[in-house]
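Student: I have a model open and would like to go through it. Can we take it topic by topic?

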Amino acid sequence: MLFFLLFSPSAIFSQNYQKLHKSALLIDTHNDFPSSAIAKKVAFDQNLLGKTHSDLKRMKEGGVDIQVFSIFCGPEQAKPYAFANQEIDSVYKWARRNPDRMMIVYNSQDLSKAVRKKKFGAMLGVEGGHMIEDKLENLEALYVRGVRYMTLTWNNSTSWATSALDETRHKDSMPHMGLNDFGKDVVRKMNALGMIVDLSHTGEKTFWDAINTTTKPVIASHSCVYTLCPHRRNLKDDQIKAIAKNGGVIHLNFYAGFIDSTYEKKALAFKSIHKAEIDSLIKLKYQPDYAGMIILEKYPTELGSMLPPLSMLIDHLDYIVKLVGVDHVGLGSDFDGIEAPPKGLKGVEDFPEITRELISRGYSKKDIKKILGGNFIRVLKANEIH
Ligand SMILES: [Zn+2]
């Protein structure tokens, strides 16, 4: 009986997925902890269970080897470039305080070193072209500090690139659409520096201008599939095919609203019920989206009932694999930038659940390793300047 319990098929399955998860290199390409840490006044090396999706200890538990931290601020920041540097300072500080557990990763060699030394590797990516304040020198300086990708826009457009939000919602009032000449220079400069062009958040016009300008593989650091969930932040089939043709990778975002087309309606209904509470935070100068996020997090039972299952996220992965193959998909959780990941993915500690789901859907060990990190390493290396 004991033998049966120890070696029942489900026990073997459970051991297998954890073993495979631990042995595979896991790279998540998008986590907003640095900006969230400033807003919540917390640090990465604290125990933040129940307060954030991530902390250093839980990264280890979740088997995350390398995290690309998003360096982000909204358009309301008067000095976005200075703000970006302040966030980078925080990541450096966390690494300096924990030299045995964490290191900054600047290139693929550092990445291997971090894995060899069993240290958590922190990489940097800028979210939003507005953070360079229209100056190529700032782009260069951010590269020197370790930034290895930049999303050309966030939800706000820049003077040189239009965002998905503006191209869909404000197209009649935009002075131009897509990349202008300076925008193309930004892409060329990124290629020359060895900084990956990230097309998450860009409008379709910017997407096509950028993919036709870049000479290196691109990524979408945190986006899902439009056909499965028609949201402006998701990628249409022709865009997915173009990224595959370019040799790039689409890293899936865990936000319920990008995975499940019914979520945003439910979230809106929730927000109208709790409008007074949200408004009171807005009066205290909280951004409306952030105020909504705080109130959603205050009601975990209601939030839980609205969330899609983890399997729905993996449906997006399956879709991309069927459309263009397993070499063009990865993970870009957006943890600590979203209030609603799917059920069963409470935070970075739950990453092994993804491996479990991939095994149960019949993905091979080799393919799982590509999805969890191998594909991103290929793009990183292809962008590096030697
Ligand atoms: Zn984002």
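Predicted model: local features only at pLDDT ≥ 70, side-chain atom pairs only at ≥ 80, totals over all residues.

Student: Metal first. Which protein atoms are the donors of the zinc ion?

Tutor: They are E127 through OE, H201 through NE2 and H222 through NE2. These donors lie 1.9 to 2.2 Å from the zinc ion.

Student: What spacing do the donors follow along the chain?

Tutor: The spacing is E-x73-H-x20-H.

Student: Is H201 buried or exposed?

Tutor: H201 counts as buried because its relative accessible area is 6%, under the 20% cut-off. H222 is buried too, at 0% relative accessibility.

Student: Changing topic. How much space lies in the second largest pocket?

Tutor: About 540 Å³. Its lining has 26 residues, and H53, E297, L303, E339 and K346 are the ones nearest the centre of the pocket.

Student: Which elements give two or more residues to that lining?

Tutor: Helices α3 (33–40), α15 (288–298) and α16 (300–306) do. Of these, α16 gives the most, with three residues.

Student: And what is the lining of the second largest pocket by class?

Tutor: It has 10 nonpolar, seven polar and nine charged residues.

Student: Now the inside. How many residues has the largest nonpolar core?

Tutor: It has 96 residues, and Y263 and I354 have the most contacts inside it. Helix α5 (residues 80–97) gives the most to this core, with eight residues. There is also a second, separate core of 16 residues, including M103, V105, V249 and L380.

Student: What is I354 in contact with?

Tutor: Leaving aside neighbours within four places in sequence, I354 contacts F254, L310, L313, I314, L331 and L345. As background, nonpolar side chains tend to be buried together in soluble globular proteins.

Student: Which residues are buried in helix α18?

Tutor: In α18 (residues 352–360), P352, I354, T355, E357 and L358 are buried. Just after α18, G362 takes a positive phi of about 90 degrees.

Student: Where is K118 found, and where is E133?

Tutor: K118 is in the loop between α6 (108–116) and β4 (120–127). E133 is in the loop between β4 and α7 (136–144).

Student: How accessible are K118 and E133?

Tutor: K118 counts as exposed because its relative accessibility is 64%, over the 50% cut-off. E133 has a relative accessible area of 31%, so it is partly exposed.

Student: Last one, D110. Where is D110 found, and what does D110 touch?

Tutor: D110 is in helix α6. Not counting residues up to four places away in sequence, D110 touches M103, I104 and V105. M103 and V105 are among the residues of the second core.

Student: Is D110 buried or exposed?

Tutor: D110 is buried, because its relative accessible area is 16%. The C-alpha atoms of D110 and M131 are separated by 26 Å, with the two residues 21 apart along the chain.

Key. Residues numbered from 1 in each chain as written. Heavy atoms only, no water. Donors = N, O, S within 2.8 Å, 3.2 Å for Na, K, Ca; no water. Buried < 20%, exposed > 50% of the residue type's maximum accessible area, 1.4 Å probe, protein only. 1 Å grid on protein atoms, 1.4 Å probe; cavity = no way out; pocket = protein on both sides within 12 Å on 5 of 7 lines; lining within 4 Å. Points joined across faces, edges and corners; volume = space filled by probe spheres on them. Helix = DSSP H or I, 4+ residues; strand = E, 2+ residues; numbered from the N terminus. Nonpolar A, V, L, I, M, F, W, Y, C, P; charged D, E, K, R; others polar. Core = buried A, V, L, I, M, F, W, Y, C linked by side-chain atoms within 4.5 Å. Contact = heavy atoms within 4.5 Å.
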